[in-house]
Amino acid sequence: MEQGRVAMVHAFDLHYKERVSPVVPLSVNTIPEIAMAGLTEDECGQKNIPCLVGQAFYANNRRGQIIGDTNGMIKAGLFPG
């Protein structure tokens, strides 16, 4: 959709959204879902960008408890920017 918006702006000379965002979100529709946007933890380390990463057991996650899926872990990162 993002690329389509940019193409439409260029086609009709609208000067609204002239380029695609450099941060493209990615999601995988699994249970649990997987999603990311931006740099990975490794990329932050290579670029000396500080990041905070947390991990939790999925059994403590309310969504996992509601659907009865309590195996595994969740990893989340916060990257200032």
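1. Of the 81 residues in this predicted model, 6% count as buried, a term that here means under 20% relative accessible area, with exposed meaning over 50% and partly exposed lying in between (1.4 Å probe, protein chains only). As the model is predicted, local features need pLDDT of at least 70 and side-chain atom pairs count only at pLDDT 80 or more, while totals for chains, interfaces and linings use all residues. Residues are numbered from 1 along each chain as its sequence is written, and side-chain values use heavy atoms, with hydrogens and water left out.

2. The protein has three helices and four strands, which from the N terminus on follow the order α-β-β-α-β-α-β; helices (H or I, at least four residues) and strands (E, at least two) are DSSP runs, numbered from the N terminus. With a radius of gyration of 18 Å, well over the 12 Å that the globule rule gives for 81 residues, the protein is more spread out than a compact globule. That radius is taken over C-alpha atoms, and the rule is 2.2 Å times the number of residues to the power 0.38.

3. Along the principal axes, the C-alpha atoms fill a box of roughly 50 × 35 × 15 Å. Among contacts (heavy atoms within 4.5 Å) between residues at least 6 apart in sequence, 24% join residues at least 24 apart.

4. Y16 lies in the loop between α1 (2-12) and β1 (26-28), and Y16 counts as exposed because its relative accessibility is 66%.
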